Amino acid sequence: MSQTPELLQCLIIGSGPAAYSAAIYAARADLKPVVIEGPKPGGQLMDTTDVDNYPGYPDGRTGPEMMEDLKKQALRFETDIRSGWVTKVDFTGPIHKVWVDEKTEIHARTVIIATGASAKWLGLPNEMRLRDLGGGVSACAVCDGFFYRGHTVAMVGAGDTAAEEATYLAKLVKKVYMLVRRDEFRASKAMVHRVENTPNIEVLYNHEVRDVIGGNTVEGVVIENNKTGEKRNLDVTGLFIAIGHKPATELFKGWLDMDDMGYLKHTPDRTSTKVPGVFVAGDCADHVYRQAVTSAGTGCMAALDAERWLAAQGVH
Ligand code: NDP
């Protein structure tokens, strides 16, 4: 005979700053939240070395240390943190059903989705190696640009993110080489105009990165003109990749509204979705800001929205 699934007030899916912030708020509101950590506990910050822009850490902190701190803070208020992977959801009824690792069914009155997003990479072996070493390969100019003041760096990508990040970097660094794989940008005309009017950005059209040079830190990149086949080395100390992100939202297809890139839609200025009692937080619903602090902020909002929603139902 199968066991009756447990019924929770608040289930949080994810384990980045959004999930833990939601947990801290939900736990302090006595919602007894359960966090299902997912396949990569800690989220994108686990791939980050120094985090110098999260308020409250005057001396900086590494991404993994910061996630450990957030987790500890959530545990301090008795959040029940479980490892596992949510494999299926059913948002048909007033009670939401969630399956962990295909077998364990959990019921929850509110669900906070904070499954995050992941940056896309070129996939070159030396790119991944130096990224993992924290050696000068980054997917976030706002996070890491500061470390390259006065340096020459390369930016890969031609969308709005790449254009925005290149102009951001140009204010800090000596020079930005912008590597665009086609003979035109994908970014909006306004952003391209900004790039073209920034004197220390040099756009190299039809160029792709073939390798990243450097033992422990980036010392250069090998680039190829994909029209002529000509290869050359660029002397750069940082490689920024801005070729898109992928939100982890596959699971919610058919249940929640999402935009054409897969980011979850929510009520403007709220974290609620079209399913009553289901809330979203962090990068899975935000392709614009994508910062640890903005994720944490929306995690807090989602917990407050969940608490108020339960109170309005007369549950809490
Ligand atoms: P996009 O998907 O729009 O652009 C990705 C870019 O990366 C494309 O130019 C693509 O080239 C390039 N690319 C992909 N793979 C590779 C590769 N292997 N090698 C080299 N280049 C590659 O992603 P964004 O993150 O830029 O933007 C996502 C969404 O967010 C867009 O809708 C954008 O408009 C929006 N956005 C809006 C902003 C704003 O309004 N201020 C700011 C930032 C983002 P190709 O063009 O050849 O396919």
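**Close-up views of a predicted model**

**View 1. The whole chain and its surface.** The chain exposes about 15600 Å², and carbon and sulfur atoms supply 50% of this area. Areas come from the Shrake-Rupley method with a 1.4 Å probe; for residues, only the protein chains shown count as cover. This is a predicted model: local features need pLDDT of at least 70, side-chain atom pairs count only at pLDDT 80 or more, and totals for chains, interfaces and linings use all residues. Residues are numbered from 1 along each chain as its sequence is written, and side-chain values use heavy atoms, with hydrogens and water left out.

The chain holds 7 helices and 19 strands. These are DSSP runs, numbered from the N terminus: helices are H or I with at least four residues, strands are E with at least two. The radius of gyration is 21 Å, close to the 20 Å that the globule rule gives for 316 residues, so the chain is as compact as a globular protein of that length. The radius is taken over C-alpha atoms, and the rule is 2.2 Å times the number of residues to the power 0.38. Along its principal axes, the C-alpha trace spans about 65 × 40 × 35 Å.

Buried residues make up 50% of the 316 in the chain. Buried means under 20% relative accessible area, exposed over 50%, and partly exposed in between (1.4 Å probe, protein chains only).

**View 2. Helix α1 and its cover.** In α1, 10 of the 12 residues are buried, so this helix is largely enclosed by the rest of the structure. Among the buried residues are P17, Y20 and I24. Their cover includes β1, β2 (34–36), α2, β5 (80–82), β8 and α7. After α1 comes D30, with a positive phi near 65°.

**View 3. Helix α7.** This helix covers residues 292–312 and has 21 residues. From its first C-alpha to its last, α7 reaches 30 Å, close to the 30 Å expected. Its buried residues include C300, D305 and L310. Among the elements covering the buried residues of α7 are α1 (17–28), α2 (63–76) and β19 (278–280). Just after α7, G314 takes a positive phi of about 75°.

**View 4. T104 in strand β8.** T104 is found in β8 and counts as partly exposed, at 38% relative accessibility. Leaving aside neighbours within four places in sequence, T104 is in contact with V98 and W99. Contact means heavy atoms within 4.5 Å. T104 and V86 are 18 residues apart in sequence, and their C-alpha atoms are 9.3 Å apart.

View 5. At 25% relative accessibility, T115 is partly exposed. Not counting residues up to four places away in sequence, T115 touches I13, A248, F252 and C284. T267 is 152 residues from T115 in sequence and 18 Å from it in space, C-alpha to C-alpha.

**View 6. N225 in strand β15.** N225 belongs to β15, residues 220–225. N225 is buried, with a relative accessible area of 14%. Residues up to four places away in sequence aside, N225 touches N206, H207 and E230.

Terms used
The expected span of a helix is 1.5 Å times one less than its number of residues.
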